[in-house]
Amino acid sequence: MPRHERIAAKEVVKLYDAVPPREIVQTILALFMMQELQPLRFKSDKAFRTQLVRRVRGLTDLNVGSWFDHQTSKTKRAYRELSPRAASVLGQWLAEAFGGAGLHLARLEQVEADKKQEEQRALHASLSQLT
């Protein structure tokens, strides 16, 4: 197995051990909905997948390093980034596993928003005819 795939697989195991699956799935689906409903938010698919990996890895503190800064007397935190290849592999896995469901939810959300907007227009038209 190539090194970057092994690193990505280790990240999946870390997430499984530290974060409830429901929280992971909700985060992933929310990001897919964001991408579909706000397409200009992400520069490219690669950028979206990189952010997807960052948000999912950010659900656990296992990917955070911390140290005490004696000058400011504060504890500092820094997130450890994956290599670009490992992030790409993990992003691809997540997109393949959850992409269809995320896009379906985004479409359902858009239909619901359109329905609400149409109801608002009908209500506004009715109120304007009363006056």
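## A buried glutamate

E11 is found in helix 1; helices here are DSSP runs of H or I with at least four residues, numbered from the N terminus. This is a predicted model, in which local features need pLDDT of at least 70, side-chain atom pairs count only at pLDDT 80 or more, and totals for chains, interfaces and linings use all residues. Residues are numbered from 1 along each chain as its sequence is written, and side-chain values use heavy atoms, leaving out hydrogens and water.

E11 counts as buried because its relative accessibility is 5%, where buried means under 20% relative accessible area with a 1.4 Å probe and protein chains only. Leaving aside residues up to four places away in sequence, E11 touches R57, N63, L82 and L90; contact means heavy atoms within 4.5 Å.

L52 has a relative accessible area of 0%, so it is buried.

## Helix 4

Helix 4 covers residues 84-130 and bends by about 55 degrees at F98. That bend is the angle between axes fitted to the seven residues ending there and the seven starting there.

Among the buried residues of helix 4 are L90, G91, L94 and A95. Their cover includes helix 1 (3-18), helix 2 (21-37) and helix 3 (45-57).

Definitions and conventions
Helix = DSSP H or I, 4+ residues; strand = E, 2+ residues; numbered from the N terminus. Buried < 20%, exposed > 50% of the residue type's maximum accessible area, 1.4 Å probe, protein only.
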